[in-house]
Amino acid sequence: QVQLVESGGGLVQAGNSLRLSCAASGRTAGNYAMGWFRQAPGKEREFVAGVSWSGTGTYYADSVKGRFAISRDNAKNMVYLQMNSLKPEDTAVYYCAAVQTTSGYIIVVRSGQYSYWGQGTQVTVSS
């Protein structure tokens, strides 16, 4: 089992930045691809960003490309989401997710392929 705990959410004004963190614990040995998803009220959960275990591969939703950056520190079992130029439409609960992969270079985009999820952290962007 892998446990994931997100932190760093909050209330910010549009145009500002936040950095979300995701701490992984438990059986973290192995190639785990990581991802960030978000869910706004009344909407389905959507993919935001993903990173391979190696950290060399990243992928972003079009809506956040150029504004958000995902990174990881495997030595610390941490994954981060740097969010810049935030917009009110970025308001959502943000979730960290993990899945073990056969290669350290795989990025996973589909939420249904992830095995482990955190509880989420609220991000609210005011206009």
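Which two cysteines form a disulfide, and how far apart are their sulfur atoms? In this predicted model, Cys-22 and Cys-96 form the link, with their sulfur atoms 2.1 Å apart.

## The disulfide

One disulfide is found when the whole structure is searched. A disulfide is a covalent bond between the sulfur atoms of two cysteines. The link of Cys-22 and Cys-96 is left-handed, with -80 degrees about the S-S bond. Because Cys-22 lies in strand E3 and Cys-96 in strand E9, the pair ties together parts that are 74 residues apart in sequence.

Are Cys-22 and Cys-96 buried or exposed? Both are buried.

Strand E9 spans residues 92-100. Seven of its nine residues are buried, so E9 is largely enclosed by the rest of the structure.

E9 runs antiparallel to E4, and eight bridges join the two strands. Trp-36 stands opposite Cys-96 of E9, and Cys-96 is also one of the two disulfide cysteines.

E9 also pairs with E11, in the antiparallel sense and over three bridges. Here Tyr-94 is placed opposite Thr-121 in E11. A further antiparallel pairing joins E9 to strand E10, residues 116-117, through two bridges. Trp-117 in E10 is the bridge partner of Ala-97.

## The nonpolar core

In soluble globular proteins, nonpolar side chains tend to be buried together. The largest nonpolar core of this model has 37 residues. Those with the most contacts inside this core are Leu-4, Met-34, Trp-36, Leu-81, Met-83 and Tyr-94. Eight strands each supply at least two residues of the core: E1 (2-7), E3 (18-26), E4 (32-39), E5 (46-51), E7 (68-73), E8 (78-83), E9 (92-100) and E11 (121-126). Which strand gives the most to this core? E9 does, with six residues.

## Surroundings of Met-83

Which residues is Met-83 in contact with, leaving aside its neighbours within four places in sequence? They are Asn-16, Ser-17, Leu-18, Leu-20, Arg-67, Phe-68, Tyr-94 and Val-123.

Definitions and conventions
Residues are numbered from 1 along each chain as its sequence is written. This is a predicted model: local features need pLDDT of at least 70, side-chain atom pairs count only at pLDDT 80 or more; totals for chains, interfaces and linings use all residues. Side-chain values use heavy atoms; hydrogens and water are left out. A nonpolar core is a set of buried Ala, Val, Leu, Ile, Met, Phe, Trp, Tyr and Cys residues joined through side-chain atoms within 4.5 Å. Buried means under 20% relative accessible area, exposed over 50%, partly exposed in between (1.4 Å probe, protein chains only). Helices (H or I, at least four residues) and strands (E, at least two) are DSSP runs, numbered from the N terminus. Contact means heavy atoms within 4.5 Å. Two strands pair if DSSP finds at least two bridges between them. A disulfide is a pair of cysteine sulfur atoms within 2.5 Å.
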